[in-house]
Amino acid sequence: MGKVFDGLSRRDFLKLCGGVAATVGLADLFSVEKVAAALESAGKKPPVIWLEGQDCAGCTISLISLEDPTPASIILDKISIRYHETIMAASGSMAEKVREDTIKEGGYVLIVEGSIPSADDRYCLVGGKPFKEIVQETARNAAVIIGVGACSAFGGIPGGTPSKGLPVSKIIPGKTVINLSTCPVHMDHLAGTILYYLVTKKAPPLDKLNRPVMYFGTLVHDNCRRRAHFDEERFLTDWNDPKQQDWCLLQKGCKGPETYGDCPIRRWNNGINFCIDAGAPCQGCSEPGFYVKHSPLYAMGPATDRIMARKAAGLIPKKEIV
Amino acid sequence: MTKRITIDPMTRIEGHLKIEVEIENGKVKDAWSSGTMARGFEALLLGKDPRDASYVTSRFCGVCFSVHQLASARALDAAFGAQVPWGGTLLRNLVMGAEYIYDHMIHFYHLSALDYIDVMAVANYKGKDPALNKVKEKVVGLVKRGDVFPLVPRYEPDEFSVKDPDIVISAVKHYLDALQMQVKAKNMGVIFGGRAPHYQSIVVGGFTQLPDVNQLARFRSMLDEVAQFVTEVYIPDVVAFGTGPLLPLAKAGIGGGHPNYLSYGGFEMDEGGKKLLFKPGVIVGLNGGMAVKPFDQKKITESVRYSWYKKDTPKHPYAGEQIFDLKRSDAYSFVKAPRYDTVPMEVGPLARALVDQDPTILGLVKNQGVKPGAVARHAARAVETKRIVDAMYGWCDQLTTAMTKPGFKIHDTAHWNPPATGEGAGFYEAPRGALGHWIRIKDHKIAGYQAVVPSTWNASPRDERGKRGQYEESLIGVPVPDPQNPINVVRVIRSFDPCLACAIHLIDPRTNEIRKFIVE
């Protein structure tokens with residue numbers, strides 16, 4: 001199969017757009033010809049404005065964590081990063097002018113990382129301006145808006161702090177924000193969603209929390225390789241014990257049965273590993289309750305009690321091999 | 001005539017930073033460093049299960065993601081009385097080593113290099129190297145399409161900028177290669193860390209993933225590749241720049257600042273941690289032949305004299321109070337001002353190298369006439385990357401041996417449950433410098449938490465005595481011949497590798513009282 005565009009084959013592209021591509025009909029949607037034609041007809045690289053508010057830059061680091069397409073090809077070949085504080089050459093008013101010019105031009109992809117403080121505008125100023133105003137004015141002429149990471153999708157960790165971080169959707173009512181809500185954003189979700197938009201010029205099908213169904217359509221629990229141990233109630237209590245190594249992490253605080261995401265299939269960082277395979281419980285980072293409602297993270301608590309009650313009531317039946 | 005200029009946002013750093021400088025006769029006369037974003041983690045952590053802290057504080061920063069997780073886990077280890085088994089320590093070392101390598105590479109190539117090279121000079125490359133011509137094609141292609149973002153706009157190259165097409169084109173190629181290589185370094189950490197940013201497997205008492213030989217073999221093979229890049233590309237580039245076009249900047253010590261250096265030390269080299277890769281210590285002033293004194297955590301205080309908090313006298317991190325006061329017109333930053341024995345300190349790779357009496361860096365200073373400053377910081381970062389790579393091979397060997405012994409352990413499971421009461425401090429060296437986390441536990445819950453992070457030391461505002469923080473001090477005297485083009489200012493600031501989200505995490509050290517906010 002030939003290259004669709006520099007460094008990215010059709011197979012890779014489909015891989016990015018969903019391990020569950022077939023179930024949502026993506027395989028049909030993305031014929032090589034269609035993808036290539038769409039990108040060629042676009043002529044110039046789509047402009048991107050990436051704003052950082054109450055963030056940790058973790059989602060930015062995710063942007064440069066893929067092997068294929070490579071970070072260099074994303075940054076220089078696929079998209080035109082007009083404004084990104086952590087990457088761009090310009091500083092100060094020179095940087096802000098680029099943002100203003102791009103807004104005038106319109107039709108850009110707007111990506112927001114981090115939440116927006118609601119307790120007081122002064123908890124986040126960029127170039128002397130409240131971040132809230134920056135998001136609102138930049139959203140106005142955006143062709144599509146993507147909230148990356150738990151903070152911009154649902155408020156995340158800053159949402160529970162005194163600065164009261166809000167998700168992007170709350171400050172630009174009436175606009176659709178595509179939420180890629182893991183903490184940090186999954187590198188595949190980010191690249192795949194951008195590519196989906198570039199080819200189709202629309203948002204992928206979304207769930208009721210505005211997350212792409214192709215990534216958030218299944219429970220972590222349903223694809224967990226420790227699932228059989230959950231069904232048989234073999235719970236890991238000692239990380240040193242090789243016998244328990246693959247047992248269910250529920251007693252270590254796993255929120256997988258209440259968390260939507262494709263981590264067990266897709267895994268993280270180019271498929272190398274992910275939380276549960278590293279012996280660490282799923283903390284439900286893609287869900288609106290993260291972090292406050294998910295505490296305690298490493299012990300049985302309200303979330304895991306709820307899960308066990310549902311299991312006892314027969315509401316989480318044993319997984320059947322199809 | 002005095003002219004005041006403001007650089008806001010200061011880009012190619014982590015976080016939100018504003019730099020203001022006053023320029024007189026073409027030089028910086030005075031400077032102010034302001035952190036302009038705050039979240040406030042304290043209300044989250046107070047009253048929570050203490051084990052949450054290492055996961056949550058990892059989110060201080062997504063660039064130096066897991067060093068907070070580690071410092072926090074170390075504070076918890078101390079408070080819980082947990083003894084991390086040697087296997088757990090080795091795994092912590094390995095994932096943290098991977099983080100250092102990726103982080104230092106990104107800093108040099110992707111955050112800093114654009115300040116030192118005239119990227120557009122690649123168009124003048126006349127050589128025959130096919131790989132370099134491909135780079136030329138790429139950049140010229142971008143120019144022809146009229147879309148050179150994000151490489152422009154930029155401050156104009158000056159007399160220190162490298163314009164030689166042969167050097168520039170290989171630097172641009174290495175910028176692109178390093179983008180690949182930092183992915184590799186992160187992937188390496190993920191083998192044991194679970195994912196990155198924000199590793200998952202560091203918890204109080206040790207580590208969550210039992211390693212197997214295949215993982216170790218994969219780790220080592222990736223380490224080989226990364227090590228080769230560090231030795232054959234990264235270090236030679238830093239040497240070529242430092243001894244070539246940047247030598248005048250290096251010898252003038254541009255961006256030097258206060259000659260005070262602090263390192264907490266880090267990376268256990270043996271079971272029990274008697275031998276460390278980086279030794280702890282303090283240097284105050286360079287006149288005493290860089291005499292290194294022992295580090296005593298009791299001497300740390302934090303000042304809020306010019307920070308947006310309720311006025312207070314300087315306090316030790318265990319005792320300080322943090323109540324926002326956004327009304328204070330005399331304050332100009334969310335960053336507090338930590339001081340050691342009342343003195344402002346520099347932390348980071350240069351401080352580590354000087355405290356550790358690293359022969360390469362001492363040689364540069366004593367024999368080559370390089371003064372501590374912006375260029376020396378880049379050199380120290382590169383030199384220590386190699387030291388860490390070398391140490392990682394040793395840890396791989398030690399882990400291989402440890403794994404084959406019966407009863408191999410990675411976690412102190414006996415101390416997994418939170419104690420009723422306790423307190424502990426966790427010190428470590430983050431890529432950006434000395435990092436400390438402090439925790440107090442009451443009724444099995446978090447009753448107080450505090451962190452003093454590297455960029456708090458470096459980016460701090462003035463203190464009670466009017467002493468500038470290190471960013472501010474390092475800018476004094478920096479040449480700015482054209483106020484429209486303050487390229488030397490950004491060079492100096494970026495040489496510290498600022499990380500502002502870390503610096504302003506706002507965790508309360510004290511009680512579990514509800515935070516009070518004074519807002520207009």
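This is a predicted model: local features need pLDDT of at least 70, side-chain atom pairs count only at pLDDT 80 or more; totals for chains, interfaces and linings use all residues.
Two strands count as paired if DSSP finds at least two bridges between them. Strand 2 (residues 17-24) and strand 3 of chain B run antiparallel and are joined by eight bridges. One of the pairs can be picked out by eye: B:I19 has B:S33 in strand 3 of chain B as its bridge partner. The sheet as a whole is open and has three strands in the order 1-2-3 (chain B), with antiparallel pairing. Strand 1 and strand 3 (27-35) of chain B each have a single partner strand, so one side of each is left without a neighbour in the sheet. On average, and with direction ignored, neighbouring strands here are turned by 15° against each other. Helix 14 of chain B packs on this sheet, where it touches strand 1, strand 2 and strand 3 of chain B. The direction of helix 14 makes about 135° with that of strand 2 of chain B.

Helix 14 of chain B also leads on to a helix pair. The axes of helix 11 (residues 374-404) and helix 14 (residues 487-495) of chain B come within 8 Å and cross at roughly 35°. The crossing of helix 11 past helix 14 of chain B is left-handed. On the helix 11 side, the contact involves B:A374, B:R377 and B:H378, which meet B:R491, B:V492 and B:S495 of helix 14 of chain B. Sorted by class, this contact between helix 11 and helix 14 of chain B holds two nonpolar, two polar and two charged residues.

Helix 3 of chain B contributes B:F65, B:S66, B:V67 and B:L70 to the contact, while helix 4 of chain B contributes B:R92, B:V95, B:M96 and B:E99. The residues of this contact between helix 3 and helix 4 of chain B comprise five nonpolar, one polar and two charged.

Turning to chain A, the chain is divided into domain 1 (3-214) and domain 2 (220-312). Where these two domains of chain A meet, 16 residues of domain 1 are in contact with 13 residues of domain 2. Helix 8 (149-154) and helix 9 (156-159) of chain A each supply at least two residues of the domain 1 side. By class, that side of domain 1 of chain A has seven nonpolar, seven polar and two charged residues.

Chain A also holds an open sheet of five strands, in the order 4-3-5-9-11, with parallel pairing. Its edge strands are strand 4 (80-84) and strand 11 (177-180) of chain A, each of which pairs on one side only. Neighbouring strands of this sheet are turned by 20° against each other on average, direction ignored. Within the sheet, strand 3 (residues 47-52) and strand 5 (residues 108-113) of chain A pair in the parallel sense over five bridges, and A:L51 has A:V112 in strand 5 of chain A as its bridge partner. Helix 7 (residues 131-139) of chain A lies across strand 3, strand 5 and strand 9 (142-148), and runs at about 160° to strand 3 of chain A.

The two chains come together through 71 residues of chain B and 72 residues of chain A. On the chain B side, the elements that give two or more residues are strand 1 (2-7), helix 1 (42-45), helix 2 (52-57), helix 5 (130-144) and helix 6 (165-193). Helix 6 of chain B gives the most to this side, with 10 residues. By class, the side of chain B that touches chain A has 36 nonpolar, 18 polar and 17 charged residues.

A few backbone details complete the picture. The peptide bond between A:S295 and A:P296 is cis, with omega about 0°, and A:P296 is found in the loop between helix 14 (263-266) and helix 15 (302-312) of chain A. Chain B has a cis peptide bond from B:A196 to B:P197, with omega near 0°; B:P197 is placed in the loop between helix 6 and strand 4 (202-203) of chain B. Finally, B:D443 is not a glycine, yet has a positive phi of about 50°. B:D443 lies in the loop between strand 13 (433-442) and strand 14 (445-452) of chain B.

How values were computed: Residues are numbered from 1 along each chain as its sequence is written. Chains are lettered from A and ligands numbered from 1 in the order in which they are written. Axes are lines fitted to C-alpha atoms, for helices over the stretch in contact, and angles run from 0 to 180 degrees between N-to-C directions. Helices (H or I, at least four residues) and strands (E, at least two) are DSSP runs, numbered from the N terminus. A crossing is left-handed if the near helix is turned anticlockwise from the far one by less than a right angle, and right-handed if clockwise. Two residues are in contact if their C-beta atoms, placed from the backbone, lie within 7 Å. Ala, Val, Leu, Ile, Met, Phe, Trp, Tyr, Cys and Pro count as nonpolar, Asp, Glu, Lys and Arg as charged, and the others, Gly among them, as polar. Domain bounds come from an automatic or database domain assignment.
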